[in-house]
Amino acid sequence: MNSRELTLFSAAAVFGAFASAMTIRLFFNPKSRSVTDPDSGVNGFHQRKSSSSRNPFDPSKREGYLTWDDYFMAIAFLSAERSKDPNRQVGACLVSQNYVILGIGYNGFPRGCSDDKLPWAKKSKNGNPLETKYPYVCHAEVNAILNTNHASAAGQRLYVTMFPCNECAKIIIQSGVSEVIYFVEKRLDGSDTAYVASHKLLSLAGIKVRRHQPLMKEISIKFEEL
């Protein structure tokens, strides 16, 4: 598959994800920070202008567009809306160094395994782990990497709504991902060994890790004529 076909495939994947919901709102907690993205605007914010009130002779570009970081994290949030997990929905978006989406994913059961024939429970009344979701679920990060349609993940960036667990960290390292951008950590007190181990693995492997600092508080998508 050549680069043009891959780009078209990536675009189709994104539009497919957008078609999965009628209306979705992504809530961020904005914090002030310095802006390094040349397309991020003054202090990272853009004032949106109504297209109907815009001067048709104005040669300047539109304001109000998303920064790259907010855009890719929003795709990860939107992908999470496809998850059938009633307890937690996680999304991930794999992106090239040239800002091309290579793969998207969310947490769910493997292909061919019915969402109605396997359990979604977090705990078993009988203490049987096979009655919980954990032995069966594929995490969002793994799905995003495996959904690349044979594009290499080496040297690329992974946006994920939740900090990856140790098992996902192993896949991230082995696939060659160079940077992980996450939105929130599951265990902020560091008491969960899976996430402590994940931090250690990613650090030892030299993978850059940073928490996403959104520049927009809310992104609203409504399916209506533009």
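Which lysine forms a salt bridge with aspartate 85? Select lysine 133: its closest N–O approach to aspartate 85 is 2.7 Å. (A salt bridge here is a side-chain nitrogen of Lys or Arg within 4 Å of a carboxyl oxygen of Asp or Glu.) Aspartate 85 sits in the loop between helix 2 (68-80) and strand 2 (91-95), while lysine 133 is in the loop between strand 3 (101-106) and helix 3 (140-146), 48 residues apart. Helices (H or I, at least four residues) and strands (E, at least two) are DSSP runs, numbered from the N terminus. Both partners are buried, where buried means under 20% relative accessible area, exposed over 50%, and partly exposed in between (1.4 Å probe, protein chains only).

A quick word on what you're looking at: this is a predicted model, so local features need pLDDT of at least 70 and side-chain atom pairs pLDDT 80 or more, while totals for chains, interfaces and linings use all residues. Residues are numbered from 1 along each chain as its sequence is written, and side-chain values use heavy atoms, with hydrogens and water left out.

Next, select glutamate 167 and lysine 170, a salt bridge with its closest N and O atoms 3.1 Å apart. They're three residues apart in helix 4 (residues 166-175), so about one helical turn separates them.

Now pick lysine 208 and glutamate 179, bridged at 3.9 Å. Lysine 208 is in strand 6 (residues 208-211) and glutamate 179 in strand 5 (residues 179-184). Glutamate 179 is buried at 10%, whereas lysine 208 is partly exposed at 48%.
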